[in-house]
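Me: Hey, I'm new to this one. Can you walk me through it?
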Amino acid sequence: MSGAEQANLLNDTTRTSGKDALKKNIDAAVAVSDAIRSTLGPDGLDKMLIRDNGDAFVTNEGVTVLNEAKVEHPAAKMIISSAINQSNKLSDGTTTTVLLIAELLQNAWELVTKGIHPTTIIEGYKIAMNHTISHLEHISKEVKSKDDILAIINTSLSGKGTSSMKNSIANLAMISMDGVTKTNEEGVTFDPTLLKIIKDKGGTITDSWTMNGIVIPKQAVHPNMNTDIVDGAILLIDGGIEHKDLSINASLKITSAGMIEEFKKQEVNRIKSEISEIAKLGINVLVCKDGISDEGIRELEKLGIAAYRRVEKNDLELLAKATGATISNNPQTCSKQHVGNFKRSREEKWGNVHHWIIDGVSNKGMTLILKGSSSQIMDVAEGAFNDAIRLACNLERNKKMLPGGGGSYISAARNIKSLKINELGREQLALDAFAATLETVPMALAQNSGLNGLDELLNLISSQSNLNNKDPNKASWLGINLSSKTVENTLESGILDSAAVVLQSIKSSTEAAIAILRIDDVLWARQDPSIPDEVQQSLDNS
């Protein structure tokens with residue numbers, strides 16, 4: 001492409017380059033950070049979000065705020081993407097990740113204004129990140145008991161609802177964990193599709209409970225059907241066993257009085273034939289996504305097969321996973337390969353509603369019956385439960401923990417400041433900037449709890465440094481107890497973080513900050529009014 005062509009191309013583009021581009025990207029990062037900074041910690045404040053349709057809801061989850069935000073700036077989108085990725089992987093640490101990205105960029109900007117090249121800062125950040133990860137892995141401890149997992153979950157859920165709600169959700173997550181995890185050659189894996197949540201309005205969150213197996217608010221299609229079955233077989237059909245409707249508009253010419261009856265008789269015979277073939281598969285339970293005709297119900301009842309109809313597709317898929325069944329497209333294609341097995345199938349009546357409960361063989365499956373006084377409260381509890389159970393399952397896979405209350409970040413910052421790397425030049429300034437970034441986490445935690453952030457930061461640094469001379473192993477485990485407003489041994493106080501969450505947050509934030517620091521040119525294509533493709537095609541043909 002010639003220079004003239006390049007010039008013409010850029011004439012249609014708005015361009016920001018050099019320090020101006022970096023400054024605008026950093027401003028966007030700070031704006032995203034400021035939007036959720038106050039949600040961090042057990043005393044973090046809530047945000048009211050109002051959707052386009054006028055619906056409003058309240059949350060203090062940073063990732064929820066970011067998901068709902070309408071953001072156009074590309075750098076801000078990059079930061080939000082990093083935070084959402086953190087949430088998808090570990091269900092925690094999203095707000096911390098955004099704060100660290102913004103602080104890394106702000107501190108980098110101060111160095112840029114002093115004449116330090118972004119490449120030098122990037123190299124320093126990489127060195128600091130590697131030393132931070134190595135240090136945190138060194139001070140981390142093994143998760144030895146269920147109490148440790150509960151403590152980590154409670155720390156993660158801090159600020160979400162009342163203390164009783166938080167404790168109840170944490171315990172429910174621990175109970176449910178075995179039903180939604182599988183152990184194989186790769187270790188422990190979490191399958192959220194094995195979990196079903198039923199919201200039952202009334203009572204409080206502490207009245208919620210879990211059941212082994214899959215619970216579906218359904219009743220067998222005939223009262224005389226045997227619904228308490230042990231060690232049975234099940235068939236799932238993504239359709240129904242019903243009279244066929246005409247697929248096109250048609251009229252029937254009746255030439256004799258018996259034609260209508262003959263037509264109905266053929267349909268009944270077809271249904272009986274389908275059920276007869278299904279019964280040969282040796283099943284005890286039949287489940288259909290669509291309806292089952294009256295003639296089919298009577299035939300199934302005679303054959304001793306319990307049947308359930310109009311079961312939602314996602315419940316069919318859940319049943320398939322729990323029982324090892326393969327969903328059949330229609331009754332005509334059913335075979336032995338589609339049949340699954342279960343340990344027990346039964347019905348219970350809760351209040352005025354019948355519930356079908358089935359315990360699978362292939363996978364356990366678990367159902368949470370969530371109680372609450374309002375749908376909004378149950379929505380908050382559902383989100384907290386999903387985060388808690390994912391965190392619990394991740395801890396089964398990565399059984400390492402770090403001090404909470406900002407302790408791990410201060411320990412890592414102190415470690416970076418103590419490094420003496422002879423071959424470093426200006427990169428040392430970037431290491432100092434990285435250490436200062438880590439210190440923002442306990443400062444934000446303290447500020448959101450109504451404390452003086454700087455005073456609490458200095459107190460924590462001083463406490464760790466003083467104890468380090470006596471007992472280095474315990475020094476790193478000092479953190480801020482935001483309930484008692486004191487610096488304590490977080491291991492003894494039960495204020496603990498998942499090591500995987502902290503390490504991933506530091507990795508993600510550093511990588512995102514480095515990616516933004518590499519950008520020195522932002523080109524915005526000018527958007528002219530466009531004609532829809534179908535309109536343009538019509539114009540071309542005319």
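Predicted model: local features only at pLDDT ≥ 70, side-chain atom pairs only at ≥ 80, totals over all residues.

Me: Where is threonine 490, and what does it touch?
Reply: Threonine 490 is in helix H18, residues 490–493 (helices are DSSP runs of H or I with at least four residues, strands are E runs of at least two, and both are numbered from the N terminus). Leaving out residues up to four places away in sequence, threonine 490 touches Pro403, Gly404, Trp477, Leu478, Gly479, Ile495 and Leu496 (contact means heavy atoms within 4.5 Å).

Me: New topic: how many aromatic pairs are there?
Reply: The count comes to 3 (rings of Phe, Tyr and Trp, the last by its six-membered ring, pair if their centres lie within 6.5 Å; planes under 30 degrees apart are stacked, over 60 edge-to-face, the rest tilted). One of them is tyrosine 125 with phenylalanine 434, edge-to-face at 5.9 Å centre to centre and 65 degrees between the planes.

Me: Where do tyrosine 125 and phenylalanine 434 lie?
Reply: Tyrosine 125 is in helix H6 (118–139) and phenylalanine 434 in helix H14 (427–438), so the pair ties together parts 309 residues apart in sequence.

Me: Buried or exposed, that phenylalanine 434?
Reply: Phenylalanine 434 counts as buried, at 2% relative accessibility. Tyrosine 125 is buried too, at 0%.

Me: And why is the pair of tyrosine 308 and tryptophan 356 called stacked?
Reply: Their ring centres are 4.0 Å apart and the planes are at 10 degrees, so the pair is stacked. Tyrosine 308 belongs to strand E12 and tryptophan 356 to strand E14, 48 residues apart.

Me: Which order do the strands of the open sheet follow?
Reply: The 6 strands go E9-E14-E13-E10-E11-E12, with mixed pairing (two strands pair if DSSP finds at least two bridges between them). E9 (214–216) and E12 (306–308) are at the edges with a single partner strand each, so one side of each has no neighbour in the sheet.

Me: How do E9 and E14 run?
Reply: Antiparallel, joined by 3 bridges. Valine 215 stands opposite isoleucine 357 in E14.

Me: Last one: is helix H19 enclosed or open, and why?
Reply: H19 is largely enclosed by the rest of the structure, because 16 of its 19 residues are buried.

Terms used
Residues numbered from 1 in each chain as written. Heavy atoms only, no water. Buried < 20%, exposed > 50% of the residue type's maximum accessible area, 1.4 Å probe, protein only.
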